[in-house]
Amino acid sequence: MSAVTTAAPGAPVVDLDLAELRRDPYPAYAELRRTAPLAWVPSVGRHLLTRYEDIVHAEKLPEVFSSREEGSLLLRTVGPNLLREDDPEHRRLRAAAEPPTRPRQVRDLWAETFEHNAHELLDRIAGRGEADLIGDFAEPLAAANLAVVLGLRNAGADDISDWSRAMMAANGNYADDPDIWLRAEQATRDIEDAVAEMADAARREPDGSVISSMVHAADPVELTEIQNNIKVIIGGGVNEPRDVFGVGAQALLQRPDVLDRVVADPGLWKRVFEETARWISPIGMYPRQLTQDYEIAGVALPAGSRVALVIASGNRDESVFERADEFDIDRPHRPHLAFGGGPHFCMGAWVARHEVSALAWPLVFSRLKVLRLVEGADDLMEGWVFRGLTSLNVTWQTS
Amino acid sequence: MPIVIFELPDGTQRKVTADSGTVLMQAAVSNGVDGIVAECGGNASCATCHVYVDERHGEQVGPPNDVEDEMLDFTAAERRPTSRLSCQVQVSDALDGLVVHIPEEQV
């Protein structure tokens, strides 16, 4: 089914400025939910679907809301991959890649190294009394941990981080900046080389990593498929734990009463994690393409229509979450959409939960005493396809 | 078609008709039974469709498979000997009258 790159007849057309969305998309989403829950947005070239119930509905119909989107930026960046496939092809690749990310594997195989990595980064900054917790801690931690889970022993945390940035920029390159494409091409070539080398090693000696799991999959996977899927995981695997760490840490530092409660009752870290992911979702939206005519949110969409499921908006839907714009770890529990739903439910969810809520936050807040935000620091929250803090400047007592 | 009964944490019961050959989670979701979240849509990736099989029916339903067994260690509510992921329980005529209990939390 060819992609239809125009508004569906009858769909409201809403102009949204990409720079404004990048700065803060939430006011625009609130307006869309109220007045045009399915709207064609020319600057994005898609219909934005913004209400919780409609998004959940679409997620549960992958045979209608297909992941195979033509002209997808992600396809251009990394080539065919499991995020842009439907079952059964998606299931074959996911089954090959998933075992090392399941919760028991995270606990038994990776948790100790994750903890070691976190301590090592904190050792480096502990004596300084000040740091940017994104650049000095969360990002290198996410990158180092990801290298371990993927089995990229031939890459450093800096390599992973650079590759991830280059590909994420390309994947959100709606403005079609040629420099962004060039950087992404270089990054993907580097990843292909690194993956090929480690796939060879894993063929000789399995090590429990994602590359190893894919090399030894019961349903065979080609090297190109391993390379493309590792690229996708590198793209998301750094920014999502990094961003949820940063946003949650800042939220707690701005709410000392909540922080005190969480430090006194570590069982609450899990709630902080889920509420942070709901409040500022690290991934804000993902695209789908209709396989058939289908009516949703009062609009009859023709087959081929391009739709963006705006999960960041669904997570702020007032009909589901009271005072949805507030960060509140005590809110009545309703499932958030930050990990997506259906067959594409985030494969890294268990890794991220452990890495951030069981290790990174508790270690940072226990090791760095009297942690404070730096007043006047320009710690910006940015992005709408992906959203997080660009920095998080803090101080603490060193004696 | 078999009837299965979902008992909510407050003790109220929802009787639903389930199609043989589908899974228990599907019967819950398509009938809007509260407390079965099923984030991953039945792929045993999320552990949010956790149920406790009523002890009378434990043997009939059987034990969890390997992947399910792993996920059950990480459910939001405590794991019990009768815990199953409802997305991995195949509905059949033999399960007519099955009672499952929904835990307090799923995420």
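Author: The part to begin with is an open sheet in chain A, made of 3 strands in the order 4-12-9 with antiparallel pairing. Strands here are DSSP runs (E, at least two residues), as helices are (H or I, at least four), and both are numbered from the N terminus. Two strands count as paired if DSSP finds at least two bridges between them. The edges of this sheet are strand 4 (130-132) and strand 9 (369-373) of chain A, each of which pairs on one side only. On average, neighbouring strands of the sheet are turned by 25° against each other, direction ignored. Such angles, which run from 0 to 180 degrees, are taken between the N-to-C directions of axes, lines fitted to C-alpha atoms and, for helices, over the stretch in contact.

Within the sheet, strand 9 and strand 12 (residues 393-397) of chain A are joined in the antiparallel sense over 3 bridges. A:Lys369 has A:Gln397 of strand 12 standing opposite. Helix 7 (residues 133-150) of chain A lies across strand 4 and strand 12, and runs at about 65° to strand 4 of chain A.

The model is a predicted one, in which local features need pLDDT of at least 70 and side-chain atom pairs count only at pLDDT 80 or more, while totals for chains, interfaces and linings use all residues. Residues are numbered from 1 along each chain as its sequence is written, chains are lettered from A and ligands numbered from 1 in the order in which they are written, and side-chain values use heavy atoms, with hydrogens and water left out. The scores are ipTM 0.87 and pTM 0.94. Chain B has an average pLDDT (the predictor's confidence in each residue, from 0 to 100) of 92, and 100% of its residues score at least 70.

Chain A also holds an open sheet of 5 strands, in the order 1-2-8-5-3 with mixed pairing. Strand 1 (38-41) and strand 3 of chain A are at its edges with a single partner strand each, so one side of each has no neighbour in the sheet. Strand 5 (residues 286-290) and strand 8 (residues 306-309) of chain A pair in the antiparallel sense over 4 bridges. In that pairing, A:Arg288 stands opposite A:Val307 of strand 8.

Salt bridges come next; the term is used for a side-chain nitrogen of Lys or Arg within 4 Å of a carboxyl oxygen of Asp or Glu. Over all chains, the whole structure has 36 of them. One joins A:Glu69 to A:Arg46, at 2.7 Å from N to O. A:Glu69 is in the loop between strand 3 (65-66) and helix 4 (73-78) of chain A, and A:Arg46 is in strand 2 (residues 46-49) of chain A, so this pair ties together parts that are 23 residues apart in sequence.

The peptide bond between A:Asp87 and A:Pro88 is cis, with omega about 5°, and A:Pro88 is placed in the loop between helix 4 and helix 5 (89-97) of chain A. A:Ala297 has phi near 50°, a positive value in a residue other than glycine, and lies in the loop between strand 6 (294-296) and strand 7 (299-301) of chain A.

In chain B, strand 1 (residues 3-7) and strand 5 (residues 98-101) run parallel and are joined by 4 bridges. B:Phe6 has B:Val100 of strand 5 as its bridge partner. Strand 3 (residues 50-53) of chain B runs antiparallel to strand 5 and is joined to it by 2 bridges, with B:Tyr52 opposite B:His101.

Last, the two chains meet in a contact (heavy atoms within 4.5 Å) that takes 17 residues from chain B and 19 residues from chain A. The buried area, meaning the accessible area (1.4 Å probe) lost on putting the two parts together, summed over both, is about 1,600 Å², with 54% given by carbon and sulfur atoms. On the chain B side, B:Glu39, B:Glu70 and B:Phe74 lose the most area to chain A, together 37% of what that side buries. There are 2 salt bridges between the chains. One of these links B:Asp73 with A:Arg104, whose closest N and O atoms are 2.8 Å apart. Helix 3 (residues 66-72) of chain B gives the most to the side that touches chain A, with 4 residues.
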